[in-house]
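This briefing is for a reader who is new to the structure shown below. It starts with one local question, then goes through the topics in turn.

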Amino acid sequence: MTALHALSLREAAARVRRREVSATELVRDAFARIAAVDGRVGAFLTLDEAGALATAAAVDRRVAAGEDPGPLGGVPIGVKDIICTAGLRTTAGSRILERFVPSYDATVTARLRRAGAVIVGKLNCDEFAMGSSTENSALGTTRNPWDGARVPGGSSGGSGAAVAAHECHAALGTDTGGSVRLPAAFCGVAGLKPTYGRVSRYGVIAYASSLDQVGPIAREVADVAVVLEAIAGHDPADSTASPRPVPSYAAALDGSVRGLRLGLPREYLVEGMQPDVERGVRAAVAELERLGAAVEPVSLPHTEYAIATYYLIATAEASSNLARYDGIRYGLREPRPALTEMYEATRAAGFGAEVKRRIMLGTYALSAGYYDAYYLKAQQVRTLIRRDFQQALARCDALVTPVAPTTAFRLGEKTADPLTMYLSDIFTISVNLAGLPALALPCGFDGAGLPIGLQVIGRPFDEATVLRIGHAYEQATEWHHRSAPP
Amino acid sequence: MAITREEVRRIAALARLRLEPAEEERLTADLGHILEAFARLSTLDTSAVAPTAQVEEDRTAFRDDVVANPPASEALLANAPARDGRFFRVPKIIE
C-alpha cells in the first residue's frame with residue numbers, strides 16, 4: 001500500500017473528499033514524515049503543526065457536514081519562506097527578517113487556504129531568493145534528497161527538496177530567474193513559472209519586481225495544474241496581476257501532443273553541457289516526436305547576452321526593493337546613536353554576501369554616469385531577447401530545452417565564484433526577461449543517478465499548452481514515478 | 001579593473017552599506033569581474049531599440065481607493081525593533 005505522504009496531491013484530495021482518509025490523518029502523516037527525514041534534508045525553516053492540525057480539523061468538519069472542502073481540501077502544502085503567512089514567521093532566508101511575523105497573508109497564501117490546503121510550514125530559500133543553490137540562506141542548509149552532498153538548486157531549494165522527499169504533496173516557490181524550475185529539475189519533480197502577471201505578487205517579499213512570479217512545485221504535472229488554478233487570477237491588491245480569466249488547466253491535460261509544433265533552440269544545446277543532460281533532453285524530444293509533435297530547430301540569437309541583461313536588471317530592481325530594510329519599523333536593528341550609522345550598521349549585519357553583492361551591482365548600474373551604459377542598455381537588450389521568443393513562438397506552439405546545463409552540483413562547488421553560479425541560470429533567465437510561462441519536469445537521470453530537467457516554454461498566458469505537453473510526456477514515461485531514496 | 005575601490009566605497013555609501021576593508025576588497029574584485037563579463041552588452045547596437053521595463057501587455061488595472069485591510073497596529077508594532085507604547089522608537093534624526 002502506498003504511504004499517505006507518497007500519494008499525488010490529486011489522489012490525497014480525492015481520498016479526503018471520499019472520506020477514505022481524514023485531513024487530520026494526512027497532516028499527522030506529513031509531520032511524521034518531516035520528523036523522519038527533514039533532519040537530513042533541511043527543507044523547512046519553520047513548522048506550524050498546531051496551525052496545520054487546526055486547519056485539518058476544520059476541513060474534516062466541512063467534509064463531515066457534506067460540504068465541498070475545495071480542490072486542495074486537506075492536502076499538506078509547504079510555502080517558500082519569501083511568501084507572507086499571517087502570524088507565521090517569514091524570513092526570506094535572511095538575518096534581517098529572522099524574527100519577522102507578517103500581519104497578513106500573501107494573496108497566494110490566502111488562495112491556498114481558500115482552496116482547502118493545509119500549510120505545514122515555511123521552506124528554506126536563498127536569501128531574498130538570490131541564488132541558484134539555496135546556499136545563500138542565512139538560516140539553514142538544504143540538501144538534495146537524491147544525494148545529501150549536493151545542492152537542491154535554488155532559490156526555492158526547500159520547496160523542491162520537500163516535495164521530492166515526500167514531506168508535502170506540493171509547495172509554492174518563486175521564480176525570478178529560474179528559482180522554481182532549477183530546484184524542480186535538480187530534485188526530479190515538476191515546477192512551473194507562470195506568465196508574468198498570471199499570479200499575484202501581493203505579499204511576496206520583492207526581489208526584482210518586473211521578473212518575480214510565484215509558481216507551484218509538485219511530483220506530477222497534473223498536480224501543478226491544480227495548484228496553479230487555485231492561485232492564479234486577478235488581484236485588486238496587485239495591479240500587474242492580469243484580469244484575464246483563469247482556464248481549467250486540468251481540463252487541458254488530454255494526454256496528446258499530436259499536431260503541436262515544438263521548437264528546439266540551437267543556442268540551448270551547446271558545447272560544455274554535461275553530456276548526460278544533452279542525451280536526456282534529446283531523448284525527450286524524440287519521445288515527443290514519437291507522440292505526434294512536429295519538432296523543428298529555432299534560433300534565439302540573443303541568448304548569449306541574457307546573463308548580463310538579467311543580472312543588471314534584477315540587481316537594479318533589487319537595490320531599490322531592498323532599500324526598505326532600514327531597521328525602523330520591522331526586522332533587525334543594530335542600535336547606533338545617529339540615523340545613518342544605524343542604517344549602515346543594520347544593513348551590514350542583516351544582509352549576507354550575495355545580497356550585498358547584488359545591491360552593490362544594482363546601485364552601480366543605476367548610479368549617475370553608468371545608468372545609460374548598464375541599466376538602460378540591459379533594458380534595450382531585454383527587448384531583443386523578448387523579440388527572439390516572439391519570433392520563435394510565432395512559428396511554434398512551445399519550445400523545448402534543458403532546464404540547466406548540468407544536474408545538481410556539490411555543496412560548496414560554486415560558492416567561491418559568483419559568475420560561475422550565475423551561469424547555472426543560463427537556460428532559465430531569458431524566460432523571465434520575456435515574461436513567458438515555462439515548466440520544468442524530469443526527463444531522465446545522469447550516470448550518478450541524479451535527475452535531469454526538461455523545460456517547456458510557452459506563449460504568454462498559454463500555461464495550458466505547456467502543461468499539456470509536460471503531462472503527455474509524463475504519461476509516456478516513468479521518470480516521475482521514481483522517488484528519491486527514503 | 002572595471003571598478004575601483006574608491007567607486008566601491010561611493011556605491012556602498014549610496015546603498016547605505018557599511019563595508020569592512022576585507023569586504024571592500026572582495027567586492028572590488030567580484031564587481032570588476034562581473035562588469036568585465038557584462039561589457040559584452042556594449043558590442044550590440046541598440047541605438048534603434050526601445051527599452052523594456054515591463055512585459056505586461058494588459059492595461060494597468062485600476063480600482064477605487066478604499067481601505068480594505070482592517071487596522072492591525074498591534075501586529076505591525078509587534079515587529080518593531082524598538083517601540084514606546086504605540087510609537088516606533090528611532091534614533092535622533094536632527095542634531
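Where in chain A is the place of Ser155(A)? Ser155(A) sits in the loop between β3 (118–123) and α5 (157–164) of chain A. The model is a predicted one. Chain A has 15 helices and eleven strands, and 57 of its residues are in contact with 44 residues of chain B.

**Overall form of chain A**

- The secondary structure of chain A amounts to 15 helices and eleven strands.
- Chain A has a radius of gyration of 21 Å, close to the 23 Å that the globule rule gives for 486 residues, so it is as compact as a globular protein of that length.
- The C-alpha trace of chain A spans about 65 × 55 × 45 Å along its principal axes.
- Of the 486 residues in chain A, 63% are buried.
- Among contacts in chain A with a separation of 6 or more, 77% are between residues 24 or more positions apart.

**The nonpolar core**

- In soluble globular proteins, nonpolar side chains tend to be buried together.
- The largest nonpolar core here has 175 residues, and the members that touch the most others are Ile77(A), Val118(A), Ala171(A), Ala190(A) and Leu312(A).
- Helix α9(A) supplies the largest share of this core, with ten residues.
- Leaving aside residues up to four places away in sequence, Val118(A) touches residues including Ala23(A), Val27(A), Ala52(A), Val59(A), Val75(A) and Ile77(A).
- Thr55(A), Gly74(A) and Pro76(A) are also among the residues that Val118(A) touches.

- Helix α7 (residues 221–231) of chain A is mostly covered, with eleven of its eleven residues buried.
- The buried residues of α7(A) include Asp223(A) and Glu229(A), along with Val226(A), Val227(A) and Ile231(A).
- After α7(A) comes Gly233(A), which has a positive phi near 120°.
- Two packed helices are described by the angle between their axes and the distance between the axes.
- For α7(A) and helix α15 (residues 463–476) of chain A, the angle is about 155° and the axes are 9 Å apart.
- An angle over 145 degrees counts as roughly antiparallel, and α7(A) is therefore roughly antiparallel to α15(A).
- On the α7(A) side the contact involves Val221(A), Ala222(A), Val224(A), Ala225(A) and Leu228(A), which meet Glu463(A), Leu467(A), Gly470(A), His471(A) and Glu474(A) in α15(A).
- By class, the residues in this contact of α7(A) with α15(A) are six nonpolar, two polar and two charged.

**Arg181(A)**

- Arg181(A) belongs to helix α6 (residues 181–187) of chain A.
- Is Arg181(A) buried or exposed? Arg181(A) counts as buried because it has 33 C-beta neighbours inside 10 Å, and the cut-off for a buried residue is 20 or more.
- Not counting residues up to four places away in sequence, Arg181(A) touches Asp175(A), Gly191(A), Lys193(A), Val403(A), Thr428(A), Ala438(A), Ala440(A) and Gln455(A).
- Arg181(A) and Pro275(A) are 94 residues apart along the chain, and their C-alpha atoms are separated by 20 Å.

**Backbone details in loops**

- The peptide bond that joins Gly154(A) and Ser155(A) is cis, with omega about 10°.
- Ala92(A) has a positive phi near 55° and is a residue other than glycine.
- Ala92(A) lies in the loop between β2 (76–80) and α4 (107–114) of chain A, and it counts as buried because it has 32 C-beta neighbours inside 10 Å.
- In chain B, Arg16(B) has a positive phi of about 55° although it is not a glycine.
- Arg16(B) is in the loop between α1 (5–14) and α2 (21–38) of chain B, and its 20 C-beta neighbours inside 10 Å make it count as buried.

**Where chain A meets chain B**

- The contact between the chains involves 57 residues of chain A and 44 residues of chain B.
- On the side of chain A that touches chain B, α9 (306–321), α10 (339–350), α11 (353–366), α12 (371–395) and α13 (418–422) each supply at least two residues.
- Helix α12(A) gives the most to this side, with ten residues.
- This side of chain A has 30 nonpolar, 17 polar and ten charged residues.
- The axes of α11(A) and α1(B) cross at roughly 95° and come within 9 Å, which means that α11(A) is roughly perpendicular to α1(B).
- Met360(A), Thr363(A) and Tyr364(A) in α11(A) meet Ile11(B), Ala12(B) and Leu14(B) in α1(B).
- The contact of α11(A) with α1(B) has five nonpolar residues, one polar residue and no charged residues.

Methods. Residues numbered from 1 in each chain as written. Chains lettered and ligands numbered in written order. Predicted model: local features only at pLDDT ≥ 70, side-chain atom pairs only at ≥ 80, totals over all residues. Helix = DSSP H or I, 4+ residues; strand = E, 2+ residues; numbered from the N terminus. Rg over C-alpha atoms; globule rule 2.2 N^0.38 Å. Buried ≥ 20, exposed ≤ 12 C-beta atoms within 10 Å, placed from the backbone. Contact = placed C-beta atoms within 7 Å. Nonpolar A, V, L, I, M, F, W, Y, C, P; charged D, E, K, R; others polar. Core = buried A, V, L, I, M, F, W, Y, C linked by C-beta atoms within 7 Å. Axes fitted to C-alpha atoms, helices over the stretch in contact; angles between N-to-C directions. Parallel < 35°, antiparallel > 145°, perpendicular 65-115°, else oblique.
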